[in-house]
Amino acid sequence: MAGLTTTTTTTTTAAVKDFIDTFTMNMDFKAEFNNPDNKVYKDVLNAIQGKCQTIVANCKVATLSFRSGSTVADYTLSAPSITEPQALDVKAGVFSELASKYPVEFLNNAVVNFSPKEMFLMEQLTVTCGPPLAVFNFNSTMTVEWRLNSVPIFMDAFHKSDISPDLTSTLTVSKYFRTDDGTYECRLKRLDGFVFKQQGYFTAKAIPIIQVAPVNGQVICKNPSTTTLKCSVNNYNVQFLRPGFTAPGPDITALFKTPDDCPVGESSATITCQTVDTVPVYDNKITLDFTNLAIKCFSDTFGDGTVGFVGMAPCKEYYVGHLTAVCTDSGVYDNVQDYCILAVVKELLDQSESLNGFTLPVFLEQLSNVTLSFFEEVMDSPPTIAAIVKILDNVAITSSSNNIIITQKSMKNVMETGGILTTDEAKGSWKLLNNKDDINGSEKNPSGINSNSSLLLHAFEKITSRLVNESFNIQTPYILLNKTTFSHTFIGNFNSSVEIDVLEADGENNPITVILFSSMDNVLLARDKANSSSDVINGKVTLIKSEAIISNLTLSFETTNDTLKNPKCVFWDFTLFDGVGGWSQDGCSLVYYENGTASCNCNHTTSFSILMSPDSIDSPILDYITYIGVGISMASLVICLIIEAIVWRKIRKNATSYLRHVSIVNIAVSLLMADIWFIIGAAISNLNEKNQPACTAATFFIHFFYLALFFWMLASALLLLYRTVSVFDGGLSKVSMLVIGFVLGYGAPLIIATVTIAATAPSNEYTRENSVCWLNWYESKALLAFVIPALLIVLINLIILVVVLYKILRRRVGGNAAQSGEKHVLVVIARSLAVLTPFFGITWGLGVGTMVKPDDMGILITFALFNSLQGFFILVFGTLLDKKVLSGLSISSLSSTGQRTRSTSAGSSSSGLENWFRKLRRRRGSNGYNLSSNGSNESFSNT
């Protein structure tokens, strides 16, 4: 029955007074009600006319009409003299007469009484209505119904109502939750059906969040000092309950003086900070432990502490809980753990422990709204995600234990909430949660589930079993649901991603529910019973729930990544790994895999998907080429560096030669370090369980040193270009060019590598998830941070080579010895770049080919061959083919030989060496070597 709404207006003319009023009848409006011959029209007119004439002399009904809004009756009373009390008596009589025929209600203009007028969540609220107006003749036989937002309130442990002898009714909300906000309506009903009602709106205030810092700490008694204490609150004032501390305020600071000696019998001091302008009073506490041990860590956030002390810090604004960290030997806090939950989600978590059939629909709608409204905050907070998962689990438990039916609207709210938790933005948080569950486990629920990811899927399975018995479809951005009935067999195609074919089931009219998760792979770990780290979830996770016994089920999955191979048909087994959960093949088998579609046959229903792994080609030839080649490369680089060390002090007189050798040394060092980290990364990748932090570090250094290799090649090319066009004199000094070389050679790679890891590591898209330790390609395209700079440098170097060769060929032959030597150095640089640049370009062009065609054996072997021989090419074309380096080695060798023999045959040796040097000079011509006649003084200027 709907409420009567009265609107009274009195107008006066010379002879007649009009009284306008309105009331509502709780029944569907029909246009025919305005027909004077209609029964409703006649009954209402007669009731008003009769009571009007009985109470007021010469009274008549001037107008009567009906309109929608349930059914609203508008009427006007006309009489020479009519007062408001008389009009009210007329109305009471009309209601009494119509109550036996129609659902009429009277809405009292006075609102219900709320006590207290203002309050915080989780406190007790009392709502009082009545008594009804005396003219309505209510008595103790009346009944009462309370509604919230037009929905009857279910009386439970937190909602109680009663009727007093004075005919007032009281509703007591003993623990007020956010879902208790809204319009309260009290409906007092007579035996004849007439209803008197009152309404009023109420909303509670959020509980003040008091933040203190530090939450705990340690102080040394034998070393008197002061500790800074902080306390703040949103929208209120707080104060420390300690004599002599600062005055109240929204954000206060105080100093705690350490006692000279530890108080006898006391191990700690507790300082309370509380609100000063709220009822009730809210507080938070700081605990300072007394110690005689040396304080190692000092922090305003986590407090001061000894080694091993677990400090606690407050959460940021709008979050509740705390952070923890452990004081280490190095004097800093480490192993920071986050236990901060978004405050509005914490309120819902508390309420989820006390749900019933009345509060559940409103609660689920509010949960969906909160999750959507605070999307970024939820996605970035693993504890908040875990809290929402726990809420959904509580919903599943409550609906099952209390036999609550989940409506379509409520299920849509569940899907919207759960879908947000599976988005790509939440992937990083889920990785942290899963890692933590693997180590410590989450709080086990009654089903023995020991991880948040399993608990989310289990909650969906339980809630699905409580769905209303209807056929319907629900589609949200991340989850699709279809519920229908079938007899014996069933075929369904869902979003062109999954096809389900039930070949055999018992009974008829069996309900079946299918839920398709578009991004559950962000949540569930891709591991099977063998705990393989190379598998990937490569199809939509599909939940199938049916009351029928299904023993022959075929599922066809469209795979999401067609470069993966080795498909396995699996279902999620909640019992694996001590309740953490994992994928199992029990009862499922692969029928076929072709054209990106995997078909599976299973003998049961639950949550299914496809596991696949990178197509790792097990080729001994490829392994031999890679490891032998890398060994040759590293040995070549070591030899190259040894040779450079031998001739190093002989190359300082010519700037161009000196800078060329600096470049060669750094190219060799960069590639050598890259090869070393490549071996480390390969060892990490081959472990049964990959150490992700170590893999990330290896990837960073491989990326950095490979980039350094290319940027030092660019530095060599720029040096070549500069010395070619600068006519060999003037311009930049040697020091300036060295600075430019090192900034370019190591600075640019460091910036690129750092930006890459900073941009992709937080979302766990820096490395390849289930493959070698190298830059990610499929999710973040982080590999482009290497490929683009490398190939761009190859292109720039080739352009520079063309320009330099053109300049050298046009330059006149001749010049003095210095210019001839300089030209020799430039030719050496150009020759090495002309070979190494295309070689490196081809190598990493083949690297791109391995991404496009990862299963092409020819490309893989060619890339491995080129990649593993880079060091050998640097030795040959960067060092050994320079005849002056070889000459320098010969001279160094002969000099050391002469040093060893001079003491025993000085005259003979001197004569022999002198002859040898003369022959060498005649053979070499004017190559820029200048040797003294006695062989004791060498000059090596243009190498």
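**View 1. An aromatic cluster in the predicted model.** Phe23, Tyr75, Phe95, Phe106, Phe136, Phe138, Phe194 and Phe196 form one aromatic cluster, where rings of Phe, Tyr and Trp (its six-membered ring) pair if their centres lie within 6.5 Å. This is a predicted model in which local features need pLDDT of at least 70 and side-chain atom pairs count only at pLDDT 80 or more, whereas totals for chains, interfaces and linings use all residues. Residues are numbered from 1 along each chain as its sequence is written, and side-chain values use heavy atoms, with hydrogens and water left out.

**View 2. The pair Phe106 and Phe196.** The structure holds 37 aromatic pairs. In the pair of Phe106 and Phe196 the ring centres are 5.8 Å apart and the planes lie at 20 degrees, so the pair is stacked (planes under 30 degrees apart count as stacked, over 60 as edge-to-face and the rest as tilted). Because Phe106 belongs to strand β5 (residues 105-107) and Phe196 to strand β13 (residues 195-202), the pair ties together parts that are 90 residues apart in sequence; strands are DSSP runs (E, at least two residues) numbered from the N terminus. Phe106 counts as buried at 5% relative accessibility, and Phe196 is buried with a relative accessible area of 1%, buried meaning under 20% (1.4 Å probe, protein chains only).

**View 3. Charges over aromatic rings.** Lys205 lies over the face of Phe120, at 4.7 Å from the ring centre, and Arg527 lies over the face of Phe577, at 4.5 Å from the ring centre. The criterion places NZ of Lys or CZ of Arg within 6 Å of the ring centre and within 35 degrees of the ring normal.

Methods
Helices (H or I, at least four residues) and strands (E, at least two) are DSSP runs, numbered from the N terminus. Buried means under 20% relative accessible area, exposed over 50%, partly exposed in between (1.4 Å probe, protein chains only).
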